[in-house]
Amino acid sequence: MLAYARDRRRWLLFGRPRRVDPDTHRHRAEVLLESLLTLGPTFIKLGQLLSTRPDVLPPAYIEVLSALQDEVPPADWADARPVLETDLGPVDERFDQFDTEAISGASLGQVYRASIDGEPVAVKIRRPDIETLVEADLRVIRWSLPILMRFVDESRSFSLENLADEFAKTIREEMDYDREAAMLTEIRSNFDGDDRFVIPSVYEAYSSERVLTMEYLGGTKINDVAELDRKGIDREQIAENLERSYLQMIIDDGVFHADPHPGNLAVTDSGQIIFYDFGMSGRVDPFVQEKIVEFYIAVANQDIDAILDALIEIGTLSPEADRAVMAEVMELAIADARGEAIEQYRVQQIVGQIEDSIYDFPFRLPKNLALVLRVATVVEGVCVTLDSDFDFIATATDYLTEQGYREESIQRVLEDSAGRVRQAGESVINVPPKLERTLDRLERDDQFVRIGVEDSDRVFAKLAKRLVYGMLLTMSLFSMGVLYALGAPEASVVAAVFSVVLTVLLYRSFRGPRSIRAKPQFTRQNLRERRGED
C-alpha cells in the first residue's frame, strides 16, 4: 500500500505521480498472490473477487489474481469426512461408492465423486471449521479498511467500501449450502425445457447446510479451445448461447449464477453448456433490471448520450465526469465490443484528453451492481476466448428485439413525445400572461434577479490562494532587498527562504492533477497480441 501511495505521490504527502512499468505491477501482483494463498481460504476468496474488479485494481493484478479462480488445493479427506458424517451419517451407509480424492478444490469447500443407487453424483463439502476462520478474517478486513482508504482516491475508496460489504455478504451466503441448493433449483427451473443448457439437479435427502449433493455432469472445460475444436463443437455458437443465458438470467429472471469463470463452466459433447457451483449467485431488483435494459437499448442504438444517462442513473458513472470525453470512451468501447479494429493513435489521444479533463476515476460501483459487473466482465473474457471476433452488441440487440424490449422502448419514446407536445400546447397558453406580468414589473422597476454561482472546481478559492501567495511573495522579495540594503544579512536570508517557500507553493497552485496514467488496454486487442494475430 505504501508503494501504491507513492505511485500517486512520490513523497507520500506531495510530489508528482510515479510511472510504474508493467513488470513492476506484475511483480507486486505476484507478491500479493502469494500473500493471499498464505493467509488462507477467506483471503483466497477475496483475491477471486478482486480478480474481477477492474474498478479497484490495475489490469496486471487482474491477470495474476485470476489464477485463484481455479485449482485451490482441497482439504485432506481425513478433515472433510467428519463434516460429511456429522450431517449425513456414515459414508459407507449413505453412498454406494465414494471417491476420497477430491475432483475440485475451492476456497470454502471441495467436491468429491460418489454414487447413489448407481447414479453418479458430486458431493460438495464445506471446509472443516471454516466458519470461525472466516469470521475472524472478516474482522481483520473490516478493521483494515479505514487504513486502506487513506491510500486510495475517493472513487476507489467508494468501490473498496462497497467491495468489503459485498464480500462479507457473499462469503457468508456461499458457505450456506441450503441457500445454494435453493438458488440452483430456481435457476434450473428457469431454464427448464431449454436444451442449450444443463444444470445439475439436487439430491435434497443427501444435502444439508454444509453438504450439497448434486447430479454429476461431465464435460469439456469451456476455455479448452483445442479440445472443443477436436470434438467439432461450434465455439461461436457456445459464446452466443452463454451471453444469451446471462441476459435471460439478469434481465428476465432476476436471479443469476454470479461466478461464471472457466472452472464453473463446461460443454457437453453435444454442445450444451453446463453450469457448476451456484454458491455465488444473486438477485437483480426491478430498478436495476430496467436500467440495464435501457443501457443495452442505448448501446444497440449507439445512442451515446442515452448510454451516459443510463450509467449516471444507475450510479456507475460520476455525474461530474466530462461527458464529451466519456462519449469518446464509449464510442471506443462499442467499437471494441463489436470486434472492430481500433487505431492506437486515437486511443492515445483519448487517454490524453482523460488526463487533462478528469482528475478522479469517473467510474464507481454501487452495491446492487457488484455481482452484475462481476458477471459482465468474466462472461466477456470467456466469450472472447471462445471467439475473438464475437459481437456482444449484435447478440444483445437480437435478444432485446426477440423479447420485445426495443419495441417497448419505441412505444415509451412515442408516449413521451406525445406528452411533450401536450406540455408545449399548455405552455403556449400559459406563457403570454406570465410574460405580460414580468414586463409590467420591469416597467415599474420592481424586478429583482438573484444569481447563485456554483464553483464545484473551487476556481475562486484557487484564484484567491494565488493572489495571496503572489502578494506575500512580492512583500517578501521587497523585504529581502530592504533588509540586505540595511546591512542585516541574517534577516535577509530568512526572507529569502520564505520567498522560496512561497514560490514553490505558488508554482504548485498552478499545477493540475493528473491521476490517470494507465496504458490503454482492450480485451480483444490484447488477446490477439497474445495469439500473435496482430
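A: Happy to walk through it. Helices here are DSSP runs of H or I with at least four residues, numbered from the N terminus. Keep in mind that this is a predicted model.

Let's start with helix α8, which covers residues 154-175. Within this helix, Glu 173 and Lys 169 are four residues apart, so about one helical turn separates them. Their side chains form a salt bridge, with an N to O distance of 3.0 Å. Buried means under 20% relative accessible area; Glu 173, at 18%, therefore counts as buried.

The salt bridge between the side chains of Glu 85 and Arg 81 has an N to O distance of 2.9 Å. Both partners are partly exposed: Glu 85 has a relative accessible area of 27%, and Arg 81 has 31%.

Arg 283 is exposed, at 53% relative accessible area, while Glu 186 is partly exposed at 27%.

Salt bridges can also join into a network, as they do for Glu 227, Arg 230, Lys 231 and Asp 269. In total, the model has 21 salt bridges.

Now for the setting. The chain has 21 helices and 11 strands. Of its 534 residues, 44% count as buried. Among contacts with a separation of 6 or more, 67% are between residues 24 or more positions apart. The chain exposes about 29,000 Å², and carbon and sulfur atoms supply 54% of that area.

The nonpolar side chains are worth a look too. In soluble globular proteins, nonpolar side chains tend to be buried together. Here the largest nonpolar core has 54 residues, and Ile 222, Leu 242, Phe 256 and Phe 275 touch the most other members. Beyond its neighbours within four places in sequence, Ile 222 is in contact with several residues, including Leu 228, Ile 238, Leu 242, Leu 265, Val 382 and Leu 386. A second, separate core has 28 residues, among them Leu 46, Leu 49, Leu 50 and Ile 62.

Most residues other than glycine have a negative phi. Asp 129, however, has a positive phi near 55 degrees; this residue lies in the loop between β4 (119-126) and α7 (130-149) and is exposed, at 64% relative accessibility. Asp 277 likewise has a positive phi, of about 55 degrees. Its place is the loop between β10 (273-275) and β11, and at 18% relative accessibility Asp 277 counts as buried.

Methods:
Residues are numbered from 1 along each chain as its sequence is written. This is a predicted model: local features need pLDDT of at least 70, side-chain atom pairs count only at pLDDT 80 or more; totals for chains, interfaces and linings use all residues. Side-chain values use heavy atoms; hydrogens and water are left out. A salt bridge is a side-chain nitrogen of Lys or Arg within 4 Å of a carboxyl oxygen of Asp or Glu. Buried means under 20% relative accessible area, exposed over 50%, partly exposed in between (1.4 Å probe, protein chains only). Helices (H or I, at least four residues) and strands (E, at least two) are DSSP runs, numbered from the N terminus. Contact means heavy atoms within 4.5 Å. Accessible areas come from the Shrake-Rupley method with a 1.4 Å probe; for residues, only the protein chains shown count as cover. A nonpolar core is a set of buried Ala, Val, Leu, Ile, Met, Phe, Trp, Tyr and Cys residues joined through side-chain atoms within 4.5 Å.
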